[in-house]
Amino acid sequence: MLELRPNCECCDADLAPVDQAYICSFECTFCPDCKNKLAGICPNCSGELVRRPIRPASKLAANPPSAVRVCKLDCKTKTAS
Ligand SMILES: [Zn+2]
Ligand SMILES: [Zn+2]
């Protein structure tokens, strides 16, 4: 099951389960802005970033999203423009 992480790994922006977010196959998680700056490629594993599917609200109570924030600030240096 997807973790549905609560934040962008790069800029630490909050990402609600209903927000548009992008993940790689390891679930490195990014907001749309950072995904664009990264040209759709995960900076951690060089994998493809694809849109995270929205978990239906009716399923969230029994299958809650992760509360563990993952943030790699060195990513910011790669997206600075
Ligand atoms: Zn971001
Ligand atoms: Zn990755």
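## Contacts and overall form

In the chain, 51% of the contacts with a separation of 6 or more are between residues 24 or more positions apart; two residues are in contact if their C-beta atoms, placed from the backbone, lie within 7 Å. This is a predicted model, in which local features need pLDDT of at least 70 and side-chain atom pairs count only at pLDDT 80 or more, while totals for chains, interfaces and linings use all residues. Residues are numbered from 1 along each chain as its sequence is written, and chains are lettered from A and ligands numbered from 1 in the order in which they are written.

The chain has 81 residues and a radius of gyration of 12 Å, which agrees with the value near 12 Å for a compact globule of that length. The radius is taken over C-alpha atoms, and the globule rule is 2.2 Å times the number of residues to the power 0.38. Along the principal axes, the C-alpha atoms fill a box of roughly 40 × 20 × 20 Å.

## Helices, strands and the sheet

The chain contains 3 helices and 3 strands, in the sequence pattern β-β-α-β-α-α. Helices (H or I, at least four residues) and strands (E, at least two) are DSSP runs, numbered from the N terminus.

The 3 strands form an open sheet in the order β2-β1-β3, with antiparallel pairing. β2 (29-30) and β3 (50-51) stand at the edges with a single partner strand each, so one side of each has no neighbour in the sheet. Strands pair if DSSP finds at least two bridges between them. Strand β1 (residues 22-23) is joined to the antiparallel β2 by 2 bridges; I23 has T29 in β2 as its bridge partner.

## Burial and the core

Of the 81 residues, 27% count as buried. A residue is buried if 20 or more other C-beta atoms lie within 10 Å of its own, exposed if 12 or fewer, and partly exposed in between, with C-beta atoms placed from the backbone.

The largest nonpolar core has 14 residues, of which C8, A21, I23, F30, C31 and L49 touch the most other members. Such a core is a set of buried Ala, Val, Leu, Ile, Met, Phe, Trp, Tyr and Cys residues joined through C-beta atoms within 7 Å. Not counting residues up to four places away in sequence, C8 touches A13, L15, T29, F30, C31 and C34.

## F26 in its loop

F26 lies in the loop between β1 and β2. F26 is exposed because it has 10 other C-beta atoms within 10 Å. Leaving out residues up to four places away in sequence, F26 touches C45 and G47.
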